[in-house]
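Please look over the sequence and the structure shown below before reading on.

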Amino acid sequence: MNGKENIMVRTYGKEPYKVAAIHGGPGAAGSALGLARLIAEAHGVVEPMQSKDTIGGLEEELMEQIEENCSGKVILAGHSWGAWLAGLFAERFPDKVEKVILIGCAPLEESYVSQIAERRKENMSPQEAEEFEEILRRLEDGSGENDAYLRRLGEICGRADGYQEEELWDEQADVNGDLYEKAWNEAAGLRKSGKLLERFAKITCPVVLIQGAADPHPAAGVIQPLKECNVYIKSYVLDKCGHTPWREKYAREKFAGVLCSELEG
């Protein structure tokens, strides 16, 4: 199931490519490898490698990647930050998207944000919690070494965000700290202003949430805001599962079944 690669995407499975696996970060190209390979067991899938540092630029880059590699409407399966981008893309380019599948999605409203750090720190040592806060401060103020900070942040959060992960594939991301700083600050501002939720509430295709019960990002932070906007979202909350379901020892099989069902239906 080896992926074919060009500068912008890796492809898996057979054409036509009807699914796109959107990586997290922003600035963590390659982190959706395991998700893409799981999807490729039954469907042709593209794994876009994104490089722009604004939300508009990322949306437009994703459009180019889809138009060059995919056939007809696509299903977007976005993980973590990629879940937000999938939703934003679907709102902006509704004619291109058949369905959005949000995996490990961060809350859409600012009021839920404090829960993330609290839930994470429960799984960190005091030293890790202190380092976690310091790295966030340095990323926010742009004090240099962003790639190293982002890589270390991924290591700390990767341990804290999982339930019992087993890494089956080499998902080493091509970390870009400068991209993260610029794009994430813009995205966080969208959430704080309420514009993120406004855009999600305008999505016209079906939206599905797959979230681990042990994911520090509370599923209610996606479901409840959309419910209050009278938007229906189909949701699955998986037991014994953290932020990255395809790596989870106890939830991987359940996740694969749910994902397969939603890709078929």
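This is a predicted model: local features need pLDDT of at least 70, side-chain atom pairs count only at pLDDT 80 or more; totals for chains, interfaces and linings use all residues.

## A helix and its surroundings

**How α3 is enclosed**

- Ten of the twelve residues of α3 are buried, so this helix is largely enclosed by the rest of the structure.
- The buried residues of α3 are W81, G82, A83, W84, L85, A86, G87, L88, F89 and A90.
- The elements that cover these buried residues include the strands β3 (17–22), β6 (74–79) and β7 (97–103), together with the helices α2 (55–69), α7 and α8 (195–200).

**The nonpolar cores**

- The largest nonpolar core has 43 residues, and those with the most contacts inside this core are L76, W84, L102 and F200.
- Helix α3, which runs over residues 81–92, gives the most to this core, with eight residues.
- Which residues does W84 touch, if residues up to four places away in sequence are not counted? They are C105, A106, P107, L108, W184, A187, R191, L196 and F200.

- Two packed helices are described by the angle between their axes and by the distance between the axes.
- The axes of α2 and α3 come within 10 Å and cross at roughly 75 degrees; since an angle of 65 to 115 degrees counts as roughly perpendicular, α2 and α3 are therefore described as roughly perpendicular to each other.
- On the α2 side of this contact are I55, G56, L58, E59, E60, L62, M63 and I66, and they meet W81, L85, L88, F89 and R92 in α3.
- When the residues of the contact of α2 with α3 are divided by class, there are nine nonpolar, one polar and three charged residues.
- Helix α5 (residues 126–141) and helix α7 (residues 177–193) form another crossing pair, whose axes come within 9 Å and cross at roughly 85 degrees, and α5 and α7 are therefore roughly perpendicular to each other as well.
- The contact between these two helices is made by L139, E140 and D141 of α5 and by Y180, E181 and N185 of α7.
- By class, the contact of α5 with α7 has two nonpolar residues, one polar residue and three charged residues.

**Cis peptide bonds**

- The peptide bond from E15 to P16 is cis, with omega near 0 degrees, and P16 lies in the loop between β2 (9–12) and β3.
- A cis peptide bond also joins G25 and P26, where omega is about -5 degrees, and P26 has its place in the loop between β3 and β4 (28–29).

**Positive phi values**

- S80 is a residue other than glycine with a positive phi, near 60 degrees, and S80 lies in the loop between β6 and α3.
- N230 is likewise a residue other than glycine whose phi is positive, near 60 degrees, and N230 lies in the loop between α9 (220–228) and β10 (234–238).
- Are S80 and N230 buried or exposed? S80 has 17% relative accessibility and so counts as buried, whereas N230, with a relative accessible area of 74%, is exposed.

- T11 has its place in strand β2, and with a relative accessible area of 8% T11 is buried.
- The C-alpha atoms of T11 and R37 are separated by 9.4 Å, while the two residues are 26 residues apart along the chain.
- A40 lies in the loop between α1 (33–39) and β5 (44–48), and A40 is buried, with a relative accessible area of 6%.
- The C-alpha atoms of A40 and G177 are separated by 29 Å, and these residues are 137 residues apart along the chain.

Terms used:
Residues are numbered from 1 along each chain as its sequence is written. Side-chain values use heavy atoms; hydrogens and water are left out. Axes are lines fitted to C-alpha atoms, for helices over the stretch in contact, and angles run from 0 to 180 degrees between N-to-C directions. Helices (H or I, at least four residues) and strands (E, at least two) are DSSP runs, numbered from the N terminus. Angles under 35 degrees count as roughly parallel, over 145 as roughly antiparallel, 65 to 115 as roughly perpendicular and the rest as oblique. Contact means heavy atoms within 4.5 Å. Ala, Val, Leu, Ile, Met, Phe, Trp, Tyr, Cys and Pro count as nonpolar, Asp, Glu, Lys and Arg as charged, and the others, Gly among them, as polar. A nonpolar core is a set of buried Ala, Val, Leu, Ile, Met, Phe, Trp, Tyr and Cys residues joined through side-chain atoms within 4.5 Å. Buried means under 20% relative accessible area, exposed over 50%, partly exposed in between (1.4 Å probe, protein chains only).
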